[in-house]
Amino acid sequence: MYETVKKYKDHPAVLTWGIGNEVYLNIATNAEKEAYSKLLEKICKEIKILDKNHPITSVEAWTFGLDWWQKLVPSIDIYGLNSYGAGANYLQTELDKRNIDKPYIITEFGVTGEWDIKQEKNGVKVEPNDLEKFDAIANGYNEWIANKSKNLGVFVFHYSNNKNHMAPWLLTHFDGKKRPQYWAIRKAYLNKNPENYVPKIEQFSVSKEKEKSNIWIDVQLKVTDVENDNLTFTFYYNHRKGSRKRKDQINTLNFKGSYESGFKIQLPKVHGGIKIYANVTDAFNNMGIATTSVFVTDKEEQKKRFLVPKVNLPFYVYKDGKNNPYSPSAQMGNYQSMQIDLQQNKEVYKGDASLKITYNAPSNWFGLGLVDPANDWGNVLGGYDITGAKKFSFWAKANQDYVKATVGFGLIDKNKPFYDTAKKSKEIIITKKWKKYTIKLKRLDLSCIRSGFTIFSSGFQDTREIYIDNIIFE
């Protein structure tokens, strides 16, 4: 860290040094918080010696750091506070209560987050509507932030573009389309109205609050658009139970009909409360989104032990080393002598890259697992529901002939809380030529595959190189 300070202290883009983000929020005991505070003070003091021209801030959720900073970290010059919605209006009051005579920056700001929402329907938090999202930023900036004497400014949390659950709620774009938050930032900082207004969804509801999966239900939808642009409509759903990736996933819903005649949506094969989205896009690439919820019943889905994302087939465990669903973090055996390259491009079966495993020891065994979540051995829920796949295949070659390896999927046994619901592997002989290897999946429970690929082999004299490409369930 100190090398970073030395390197960038004279860079014109540096405003402050930010040390730590929401650390107190994630520390359990006061003893740990005290120890962290003392460490933080030491770091801040040393940075001041290296750079006398830039102030120092530390960032915390809401006001969880104030008492500790005030008591034990006097070297902080500016308090960085993450606050969403109307909570930003009370930050200066919280500093004044403690007689803190230091300025603050709102380091994250935006629409009221799911964590602060109390109202639920069908087990789903009720999301603010598009007008409330616009107002929280456009009007909230002036009413809760700009008029506070100790406030030095605000960073609106946006991350720009995404397609997961957080995107329509907090971000400026969803799937490349401009959301009200985009225009709200323009209004807050420049006091300019949108160049083209987001379609306004005045009504969105569904005909059933509880229904079986796969049933078609009616949609009630009323939309207006200031510019009378041509509008396109799509529908999605989201789970709020299960693994983090499942809760992040926004999935396409089947729908039929038209705005004039009315839409119908088909409830997905899930069990439990789900959030339903109506997305309306205009000709200016603006997207309005409204949400409601339905409780879907499905006896088969209800029996599932692990709630993880259902994938679309074919499902690539590895393809070109991009957007990898699994992490190469399960490294076993003599892993100190093993190197992993997810995007080597000299030996490729198809596409831009393949997975390269290099082993530099003449003996002992080594193993690699592509797993989800990363760095976990069965204590955290993860993985994917690959139900419906009939075969598992991959391509492989090596820098030597007759390289013996055991390859397959599934790694975590049932003695762990969260395990692979199926494990299957086979011993293969890898040669210098690319070859396809296939495993049939008949009668396997693929409802939670958290280890999407495994390989075990051993060293023998010279350095061993194994290349894997196009790992797929289909």
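This report describes aromatic pairs, backbone features, a helix and a pocket in a predicted model.

**Aromatic rings**

A pair of aromatic rings is described by how far apart the centres are and by the angle of the planes. In this model the count of aromatic pairs comes to 31. One of them joins Tyr-24 and Trp-68: the ring centres are 6.4 Å apart and the planes lie at 15°, so this pair is stacked. The limit for stacking is an angle under 30 degrees. Tyr-24 belongs to the loop between β1 (17–21) and α2 (30–50), while Trp-68 belongs to helix α3 (residues 66–72), so the pair ties together parts that are 44 residues apart in sequence. Tyr-24 counts as buried, because its relative accessibility is 2%. Trp-68 is buried as well, with a relative accessible area of 17%.

A second example is the pair of Phe-255 and Phe-263, which is edge-to-face. The two pairs are set out below.

| Pair | Centre to centre | Angle between planes | Arrangement |
|---|---|---|---|
| Tyr-24 and Trp-68 | 6.4 Å | 15° | stacked |
| Phe-255 and Phe-263 | 5.9 Å | 70° | edge-to-face |

Phe-255 counts as partly exposed at 33% relative accessibility, whereas Phe-263 is buried at 6%. Both residues are members of one aromatic cluster, formed by Phe-204, Phe-233, Phe-235, Phe-255, Tyr-259 and Phe-263.

Charged side chains also sit over rings. Lys-256 lies over the face of Trp-216, 4.3 Å from the ring centre. The charged end of Lys-178 is placed over the ring of Tyr-182, at 6.0 Å from its centre.

**Backbone features**

The bond from Leu-313 to Pro-314 is cis, with omega near 0°, and Pro-314 is in the loop between α9 (299–302) and β20 (315–318). A cis peptide bond also joins Asp-372 and Pro-373, with omega about 0°; Pro-373 is in the loop between β24 (365–371) and β25 (391–398).

Glu-22 counts as buried, because its relative accessibility is 19% and the limit for burial is under 20%. Asn-364 has a positive phi of about 70° and lies in the loop between β23 (354–359) and β24.

**Helix α2**

**The largest pocket**

The largest pocket has a volume of about 1300 Å³. It is lined by 41 residues, and those closest to its centre are Gln-249, Pro-309, Lys-310, Val-311 and Asn-312. Which element gives the most to the lining of the largest pocket? That is β20, with four residues. At least two residues of the lining come from each of β14 (232–239), α8 (244–248), β15 (251–252), α9 and β20. The loop between α9 and β20 is where Pro-314 is found.

Key:
Residues numbered from 1 in each chain as written. Predicted model: local features only at pLDDT ≥ 70, side-chain atom pairs only at ≥ 80, totals over all residues. Heavy atoms only, no water. Phe/Tyr/Trp six-rings, centres within 6.5 Å; stacked < 30°, edge-to-face > 60°. Buried < 20%, exposed > 50% of the residue type's maximum accessible area, 1.4 Å probe, protein only. Lys NZ or Arg CZ within 6 Å of the ring centre and 35° of its normal. 1 Å grid on protein atoms, 1.4 Å probe; cavity = no way out; pocket = protein on both sides within 12 Å on 5 of 7 lines; lining within 4 Å. Points joined across faces, edges and corners; volume = space filled by probe spheres on them.
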